[in-house]
Structures are given as structure tokens and as C-alpha cells.
Amino acid sequence: MRNLGSYPPVFRQLNSVLPQPKSYSISMDDTHVSVPVPTVDLQCLSRHKLGEACENWGIFRLANHGIPSTLLTKLQHHAKMLFSLSFESKQALMTNPVSYFWGTPALTSSGTALKSASSNMNWLEGLNVPLSQLPQFQSEDPLLHCFRLLLEEYGRHLSRIATTLFQSMAKNLDLDPEQSECMLDESTGFIRVYRYPPHRSIAGEAWGMIPHTDSSVLSIVNQDQVGGLEICKDNKWILVDPIPNTLIVHIGDMMQAISGDRYASLRHRVRVKKQEERLSICYFVFPAEDSVIRSSKYKPFTYKEFQQQVQKDTSTVGYKVGLQRFKI
């Protein structure tokens, strides 16, 4: 493993064995060969194809999204350079509103790692970037300054993409135009940059992320060519192959609730490689914090209430229960 000092200390013990999550039955050998997920072309957006992908899959590949390939390449390059800094440097350099975390993707609203009742560790480290606050992140470090500018440009593209997709979804679902306006609030968008170190233990393997659903309305993933993203489709785990210049869009819990379960928030996980580290840049966007989500399947609730319940469950039972808490 190159540049061992850049990883959190616990990840440097190459033969360490992580405890398997108790809240899920997970086998390392149950992944099926990759199956092509539906592709949606943003430039020639078909509401019919988009609706089919949302209803039957809960995930789709986005082509012709309009983000310059040079921007995607620069982002990946700068993220790798940042992660290659020493563990101590990253802790010192990442100051409010950007935060550095590792071992868990469960964070508080302020971006700090959420204490969990579970002892499970996710084999990852990451940066949490709230886009609306990103201009406040000022640094004299040239690498950080350039990375901030790249993230701001990338965030504008992602906001455009999420809004375009959601507007088409809202039409497909016959949502009231006035009510649906606050169901996707661009100011809530944030980016998480994840690095998954290789795990070479001969005694066991590790999960970068255990099975979960996203809490968002939409999640948009830019993964590198290493791969490792797996989705649960028809009770089978399927590998989602990386394809250059495409993005992966997930339906999140909030979109499932908004749609009255017509669109499903898909369970997915990340498998860690033995020889290569993996990098992904993920965008999440939510409803306005105090807007009330109403559907025939759930009691009325706000995203703020949902988030508080998820944090409570993570702290007390060790994992996210999610929408089941709000079922009628």
C-alpha cells in the first residue's frame, strides 16, 4: 500500500479484520455478474425512459450530462492529491464548513462523525462539503484553493442536473407544481468525496459501505474506473460497472416518500478492492428543511424530522431504520 501515512491509523494495519455488521446478513460471495442499468440521456431526455428507470430500478446511468470531461478529470486528480496528504494534515487543513471524516459515512448536520451504537467500521475516509457554504472555505493552500473552485463549478452543474431530472419526475408523478417546488431545494446540496483504501488482509475482507439507502431526494455519483458499487435488485446483489463520462443517479428515501413508493430508494453497498484504492465524488440534494412531505403511504413529516430520527436510530440501535419509522 503506497503512502501508508495518508490513511487513518486503523487502516494501516493491513491484516486487521473488521467485525461484520450484525444488522445485515452480508456475504462476500453473493455478488452476481454486472447487469447494465438503464441509461438516461439528459440531452434528449425521455420522460418515459426516466419513469421506467425510476419505477423498475431506482437507479440509472446518466449520459450526455453536460459536465466537461476535463472538469471531472481535474476533480478526481485534485481529490487524489488531497487524500494523499498525511492523515494529520487532512485533519488540520479541513476546517469549517468542510470536514474530514473516516470509518463511517454517518455524519451529523454539522459534518462530524455520528457516534453509533454499532461497532461496525466502514473502510473509507471522506470530505463533507456543503455547497451553499463553500465560499466561506478560504485557504492560502494552493491545492485547497483550486479544489474549492473546482467543487463550486461542479456543484453548479449538479444543481442543474438534479433540477432538470426532478422537474421531469414531478411531471411523471403528477405532483402539484407549487408543492413540488420545495421538494428539491438546491441550497441543501452537498458533496461527499470518498476514498476507499485497499484492504489486503488474508484473514478477511472489508466493506467500504455496508448496505444502505440514501436519505436524499436524488444522489448523483461520479465514480472512478476501479469500481466496487453494488446494488440490490430483485434480492440479488449486482455490480455496477464504471463507464467513462457517465454518472450514476440514485433515487433516495425522500424521493420514494414524495412518490408514494412508486419510485424505490435502492439499497446499495461498496466493496473494497484488495489491490487498488477507489475514489468517488457524490452529490446529495434534499427537500427544504421545513417543507412537509405528504403521501398516502406515510405520515406527514419534514426532512428535518427524518434526519433527526435517522441520527437517533444510528446512535441507539446502530443503524438507519429510515422510512419505516414514518409508515402509516
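Visitor: Where does Asn 64 sit?
Guide: Asn 64 is in the loop between β3 (59-63) and α2 (69-83). Keep in mind that this is a predicted model.

Visitor: What's the phi of Asn 64?
Guide: Phi there is positive, about 50°, although Asn 64 is not a glycine.

Visitor: And is Asn 64 buried, exposed or partly exposed?
Guide: Partly exposed, because its relative accessible area is 43%, and the cut-offs are under 20% for buried and over 50% for exposed.

Visitor: Which other non-glycine residue has a positive phi?
Guide: Asn 245 has one, with phi near 60°. Asn 245 belongs to the loop between β10 (236-239) and β11 (247-251). With a relative accessible area of 47%, Asn 245 is partly exposed.

Visitor: Switching to packing. How many residues are in the largest nonpolar core?
Guide: That core has 85 residues. Those with the most contacts inside it are Phe 60, Tyr 154, Leu 165, Met 169, Ile 191 and Leu 218. Helix α4 (residues 142-172) gives the most to this core, contributing 13 residues.

Visitor: Which other core lies apart from it?
Guide: There's another one of five residues, including Tyr 7, Phe 11, Ala 206 and Val 272. As a general point, nonpolar side chains tend to be buried together in soluble globular proteins.

Visitor: What is Ser 265 in contact with?
Guide: Setting aside neighbours within four places in sequence, Ser 265 contacts Thr 213, Asp 214, Ile 251, Gly 252, Asp 253 and Gln 256. The C-alpha atoms of Ser 265 and Trp 57 are separated by 9.0 Å, and those two residues are 208 apart along the chain.

Visitor: What about Gln 308, which helix is that in?
Guide: Gln 308 is in helix α7 (residues 303-316). Its relative accessibility is 47%, so Gln 308 counts as partly exposed. From Gln 308 to Asp 234, 74 residues away along the chain, the C-alpha separation is 30 Å.

Visitor: Zooming out, how many helices and strands are there in the protein?
Guide: Seven helices and 15 strands. The radius of gyration is 19 Å, close to the 20 Å that the globule rule gives for 328 residues, so the protein is as compact as a globular protein of that length. The C-alpha trace spans about 55 × 45 × 35 Å along its principal axes.

Visitor: What share of the residues is buried?
Guide: Of the 328 residues, 54% count as buried. As for the surface, the protein exposes about 14800 Å², with carbon and sulfur atoms supplying 50% of it.

Visitor: Last one: how many positive and negative side chains are there?
Guide: There are 34 positive and 31 negative ones, and the centres of the two sets lie 5 Å apart.

Terms used: Residues are numbered from 1 along each chain as its sequence is written. This is a predicted model: local features need pLDDT of at least 70, side-chain atom pairs count only at pLDDT 80 or more; totals for chains, interfaces and linings use all residues. Side-chain values use heavy atoms; hydrogens and water are left out. Helices (H or I, at least four residues) and strands (E, at least two) are DSSP runs, numbered from the N terminus. The radius of gyration is taken over C-alpha atoms; the globule rule is 2.2 Å times the number of residues to the power 0.38. Buried means under 20% relative accessible area, exposed over 50%, partly exposed in between (1.4 Å probe, protein chains only). Accessible areas come from the Shrake-Rupley method with a 1.4 Å probe; for residues, only the protein chains shown count as cover. Lys and Arg count as positive and Asp and Glu as negative; His and the chain ends are not counted. The place of a charge is taken as NZ of Lys, CZ of Arg, CG of Asp or CD of Glu. A nonpolar core is a set of buried Ala, Val, Leu, Ile, Met, Phe, Trp, Tyr and Cys residues joined through side-chain atoms within 4.5 Å. Contact means heavy atoms within 4.5 Å.
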